[in-house]
Structures are given as structure tokens and as C-alpha cells.
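Here are a few exercises to work through with the model open in your viewer. Try each task yourself before reading its solution.

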Amino acid sequence: GWIVTKNKYLYSKMAAFKDYTTICSSAPSEILSIIALRNKNSLIDAHLSRIKRNLSLLDCFFADYEDMFEWIKPKAGTICFPKLKRNLNSRDFCQKAVTESGIMLLPSTVYNYDLSHFRLGFGRENFPEALIKFREYLKTQ
């Protein structure tokens with residue numbers, strides 16, 4: 001995680017604690033890292049395949065809801081920042097989506113941005129199921 005403080009004494013204590021707890025990686029973590037590096041091509045291929053699949057699903061999704069959302073397809077990464085076209089507050093939109101459907105969206109206000117965008121991640125394996133839930137949720141709106 002991340003932490004921010006202007007308190008120099010507290011910062012020095014936290015930095016010392018971090019050094020004490022993270023000076024060496026655990027042996028199992030090192031072995032798992034070696035295994036991953038030895039299989040990097042298959043791991044990378046699997047991740048890229050999932051990202052491409054999910055991005056394709058998003059293309060269809062935003063085409064179906066072009067009256068509601070505006071989006072720019074990302075060139076890299078697994079996060080997009082669509083804009084709400086209707087006069088909706090992204091904070092209210094995201095809160096309602098989380099409460100009523102369990103879909104995690106972040107409003108642009110958490111990034112000190114405007115009130116009309118939201119953050120949507122699409123890198124997870126279960127993204128197709130989450131997108132189905134999002135579609136079902138939007139049908140009720």
C-alpha cells in the first residue's frame with residue numbers, strides 16, 4: 001500500500017519498519033518468481049490474450065451503449081476512463097452501481113477530475129461475467 005505524511009518523525013519510523021520487514025524477499029516468493037520467469041512467454045501470451053478478449057467485449061459494450069457513454073479505446077494497459085454522456089454525476093453513478101449490482105467502478109472525482117468520467121478495469125479473468133452484470137444493471141436504469 002501507499003501512505004503519505006508530512007510528519008518527518010512518523011515518516012522515519014515507518015521507513016525503518018518498512019526496511020525491517022522488506023529487506024529480503026521470502027524464499028517461496030523467490031522460487032515462484034524463478035518459475036514465472038522461466039515460463040514468461042506462456043504467462044505473457046495468456047495475459048495478452050485475456051486483455052484482447054476483454055477489450056473486444058468492451059468495444060461491443062460501448063457500441064451498444066453509445067447513447068450513454070463516450071470512450072476512447074486504450075492503447076495500453078487494462079484500465080479505461082469512459083465519460084457519462086447523460087447529465088449524470090459519476091460519483092452517484094458509481095455508488096449506485098456498486099450498491100445495486102456489486103460492480104466496482106471508481107468515479108473521476110477520486111482522481112481530482114471532473115464529475116462525468118469513471119474508471120473501469122478490464123484485466124481480470126472474470127471480466128466477461130462482470131460486464132454481463134453491468135449490462136443487467138444498466139437495463140434497470
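**Exercise 1.** Is Lys52 buried or exposed?

*Solution.* Keep in mind throughout that this is a predicted model. Start by finding the residue: Lys52 sits in helix H3, which spans residues 40–64. Next, take its relative accessible area, which is 61%. The cut-off for exposed is over 50%, so Lys52 counts as exposed.

**Exercise 2.** Work out how the strands E2, E4 and E5 are arranged.

*Solution.* First, get the order: the 3 strands make an open sheet, E2-E5-E4, with antiparallel pairing. Then look for the edges, which are E2 (79–80) and E4 (106–107), each pairing on one side only. Now go through the pairings. E2 pairs with E5 over 2 bridges, in the antiparallel sense, and here Cys80 stands opposite Leu120. E4 and E5 also run antiparallel and are joined by 2 bridges, with Leu106 opposite Arg119.

**Exercise 3.** Which side chains of E5 point to which face?

*Solution.* Start from the general rule: side chains in a regular strand alternate between the two faces of the sheet. Now apply it to E5. Phe118 and Leu120 point to one face and are buried.

**Exercise 4.** How many disulfides does the structure hold, and how far is Cys60 from the nearest cysteine sulfur?

*Solution.* A search of the whole structure comes back with 0 disulfides. Cys60 is in none, and its nearest cysteine sulfur, in Cys80, is 14 Å away. Move on to Cys80: its closest cysteine sulfur belongs to Cys94, at 11 Å, which is too far for a bond. The cut-off is 2.5 Å between the sulfur atoms. Finally, compare surroundings. Cys60 has 44% relative accessibility and therefore counts as partly exposed, whereas Cys80, at 2%, counts as buried.

**Exercise 5.** Classify the ring pair Phe61 and Tyr65.

*Solution.* You need two quantities, because a pair of aromatic rings is described by the distance of the centres and the angle of the planes. The structure holds 15 aromatic pairs. For Phe61 and Tyr65, the ring centres are 4.9 Å apart and the planes are at 40°, so this pair is tilted. That angle falls between the limits, since stacked needs under 30 degrees and edge-to-face over 60. Both Phe61 and Tyr65 are buried. Zooming out, they belong to one aromatic cluster together with Phe62, Phe69, Trp71, Phe93, Phe118 and Phe134.

**Exercise 6.** Describe the largest pocket: what is its volume, and what lines it?

*Solution.* Volume comes first: about 340 Å³. Then take the lining, which has 20 residues, with Met104, Leu120, Gly121, Arg124 and Ala130 nearest the centre. Sort the lining by class and you get 11 nonpolar, 6 polar and 3 charged residues. Last, trace the lining back to secondary structure. Strand E5 (118–121) and helix H5 (127–139) each supply at least two residues, and H5 gives the largest share, 5 residues.

Technical notes: Residues numbered from 1 in each chain as written. Predicted model: local features only at pLDDT ≥ 70, side-chain atom pairs only at ≥ 80, totals over all residues. Heavy atoms only, no water. 1 Å grid on protein atoms, 1.4 Å probe; cavity = no way out; pocket = protein on both sides within 12 Å on 5 of 7 lines; lining within 4 Å. Points joined across faces, edges and corners; volume = space filled by probe spheres on them. Helix = DSSP H or I, 4+ residues; strand = E, 2+ residues; numbered from the N terminus. Nonpolar A, V, L, I, M, F, W, Y, C, P; charged D, E, K, R; others polar. Phe/Tyr/Trp six-rings, centres within 6.5 Å; stacked < 30°, edge-to-face > 60°. Buried < 20%, exposed > 50% of the residue type's maximum accessible area, 1.4 Å probe, protein only. Pairing = 2+ DSSP bridges.
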